[in-house]
Amino acid sequence: MDMNIHNFVKAEIIRKGMTMRDVVEELHIKYGRSDSVSNLSGKLSRGSLRYEEALEIADVLGCDVVWRDRRNAS
């Protein structure tokens, strides 16, 4: 995959009509996270986002993270 996590998440945020601030606020409301926009952006840029955080971001964006066996994919 040539799209890094930063670009992927930012593109999904835009597709959902949200901003990074919206995502940070939703993460605070739903999960009690206290990240700032710059903190989250930095994690995305560095590729240091934890899996749990990625799942929570996907949740607030209304997305599912799906694991699919490539050997049996059609």
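Helices (H or I, at least four residues) and strands (E, at least two) are DSSP runs, numbered from the N terminus. Glu-56 lies in one such run, helix H4.

This is a predicted model: local features need pLDDT of at least 70, side-chain atom pairs count only at pLDDT 80 or more, and totals for chains, interfaces and linings use all residues. Residues are numbered from 1 along each chain as its sequence is written, and side-chain values use heavy atoms, with hydrogens and water left out.

**Helix H4**

Helix H4 covers residues 51–60 and includes Leu-55. Buried means under 20% relative accessible area, exposed over 50%, and partly exposed in between (1.4 Å probe, protein chains only).

| Residue | Relative accessibility | Class |
|---|---|---|
| Tyr-51 | 46% | partly exposed |
| Leu-55 | 35% | partly exposed |
| Glu-56 | 8% | buried |

Contact means heavy atoms within 4.5 Å. Leaving aside residues up to four places away in sequence, Glu-56 touches Leu-27, Tyr-31 and Arg-33. With neighbours within four places in sequence set aside, Tyr-51 is in contact with Val-65 and Trp-67.

**Helices H1 and H3**

Helix H1 spans residues 5–15 and helix H3 residues 37–46; their axes come within 7 Å and cross at roughly 135°. Axes are lines fitted to C-alpha atoms, for helices over the stretch in contact, and angles run from 0 to 180 degrees between N-to-C directions. H1 is therefore oblique to H3. Angles under 35 degrees count as roughly parallel, over 145 as roughly antiparallel, 65 to 115 as roughly perpendicular and the rest as oblique. Ile-5, His-6 and Val-9 in H1 meet Ser-41, Leu-44 and Ser-45 in H3.
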